[in-house]
Amino acid sequence: MEEEGNPLGLNYTPTIGDAVQGIQDYGKTVVSFWGGAVKAVPQALTSYRESIREEADKPSTFATSTSINPIKELGSLSEDYATSEAKTMESVASGLESVGVPTPIAGAAAGIAGAFLPGPTDVNLAMKGGSALLGLTIQNPKFLAPGVKQGIAQTPANIKARQILDKSLARLDKRRTELDSMLESGEVVRGSSKFARLDKKIREERYGEMSSFYNNLDQDPPAFKKTSDKNIDPTNEAVVLEQHHLAAKAQTQPFVELMLEVGDADDLVALHEYSRMLGVVMGNSRLNMLDAPGPIHRAALAKTSKEKLGNIHSAFNAAGMEPNNKFVKNLLKDAKTSDDVMDVFSQYIQEYLIPQQKIGKKIVKQYFQDYRVNLTASQKVRFDELISKANKGGT
């Protein structure tokens, strides 16, 4: 009995060869269409077709000697995967060309076939020059929190956290692509208020999502802008407390982004565990949230002179303790390895993130204490109840 997803029966398993042959067969049925209807094709497809041919003609680079450098040869192995994949794609393209399909269309079809192959793209993304096969690349033991070791990224909790991270970044990448398309079509004009608003929203969301690593969902779940974490302001019950990131997401994102580029999956876990070891949680999780009344959080909502001068962000700016994203990226401009990233990160935690955290908590605590002094006994009971529900950050 045939099934819809398996027309040849349950015992039949499709192979890459079947996929290749299927694409070639399909190509034969559209020769007349391409020959009669297509008058011009994008140069990009023609160039892509030529790149497949060039890659397929490359000689093997992997060493045959028994004396090899593992790191160097892992890179060569990746290149050989690329050549192998290209040769298969070349067979698809040349087969289509032999029956009259134009060169650019043959190249596009070969690209579709390449998507089915477990080839160099997957290998290169995973290897990062061989690091994935070697595991944890951080060498300095002072940057390794207790329990961090080779393969730590493969624990169930860390696998789940990485999946959440990758899904979030993919979602934001899609939104960025959509905004780029809007620019190209003229729906949005660069420099307009609409573009600025959409661009800022994507950028700031990316700061928070990239900085987050939810490998302890029971105790430290996502909290930023979550209904479950919108707590009533005890100084004004008509509104909710604002959420202040103790470790500013715009400042932590560059460290995570660069570690994703130069390090292994293990190194990303190590970065977060080291930060937590020092008392700093990054991203949008609950332990990085400090609930604060709006007037003492940011100047835009401040009313009294004390609030205008003493709110968290005004205090940071006055002390020169709130660098922007560009400043942090510049600190990392010479970082080439995971240890380089950790060197800068360690210093940044000590000089900026820990002091910011202490000052922010102190400002909010003092504000609540000053407000409580003037309450009646019964009002204090209600006030204290609401305070107990507020997020106060911490590890």
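Which are the buried residues of H11? In this predicted model, the buried residues of H11 are Asp266, Asp267, Leu268, Val269, Ala270, Leu271, His272, Tyr274, Ser275 and Arg276. They pack against H8, H9, H10 and H16.

**Helix H11**

- Helix H11 spans residues 265–277 and is mostly covered, with ten of its 13 residues buried.
- From its first C-alpha to its last, H11 reaches 19 Å, close to the 18 Å expected at 1.5 Å a residue.
- Leu271, one of the buried residues of H11, is also among the residues with the most contacts inside the largest nonpolar core.

**Nonpolar cores**

- The largest nonpolar core has 36 residues, and those with the most contacts inside it are Leu271, Met342 and Phe345.
- At least two residues of this core are supplied by each of H8, H10, helix H11 (265–277) and helix H16 (338–372).
- H16 gives the most to this core, namely eight residues.
- Phenylalanine 345 touches Phe255, Leu271, Tyr274, Ser275, Met282 and Leu353, when residues up to four places away in sequence are not counted.
- Another core, of 15 residues, lies apart from the largest one; Ile312, Ile363, Phe368 and Ala390 are among its residues.

**Serine 346**

- Serine 346 is found in helix H16.
- Serine 346 counts as buried because its relative accessibility is 13%, and buried means under 20%.
- Not counting residues up to four places away in sequence, serine 346 touches Phe143 and Tyr274.

**The largest pocket**

- The largest pocket holds about 1,100 Å³ of space.
- Its lining is made up of 40 residues, of which Phe224, Lys225, His245, Lys249 and Asn284 lie nearest its centre.
- The elements that give two or more residues to this lining are helix H8 (156–185), helix H9 (193–211), strand E3 (242–245), helix H10 (249–262) and helix H14 (312–318).
- H9 provides the largest share of the lining, nine residues.
- By residue class, the lining of the largest pocket divides into 17 charged, 13 nonpolar and ten polar residues.

Key: Residues numbered from 1 in each chain as written. Predicted model: local features only at pLDDT ≥ 70, side-chain atom pairs only at ≥ 80, totals over all residues. Heavy atoms only, no water. 1 Å grid on protein atoms, 1.4 Å probe; cavity = no way out; pocket = protein on both sides within 12 Å on 5 of 7 lines; lining within 4 Å. Points joined across faces, edges and corners; volume = space filled by probe spheres on them. Helix = DSSP H or I, 4+ residues; strand = E, 2+ residues; numbered from the N terminus. Nonpolar A, V, L, I, M, F, W, Y, C, P; charged D, E, K, R; others polar. Core = buried A, V, L, I, M, F, W, Y, C linked by side-chain atoms within 4.5 Å. Buried < 20%, exposed > 50% of the residue type's maximum accessible area, 1.4 Å probe, protein only. Contact = heavy atoms within 4.5 Å. Expected span 1.5 Å × (residues − 1).
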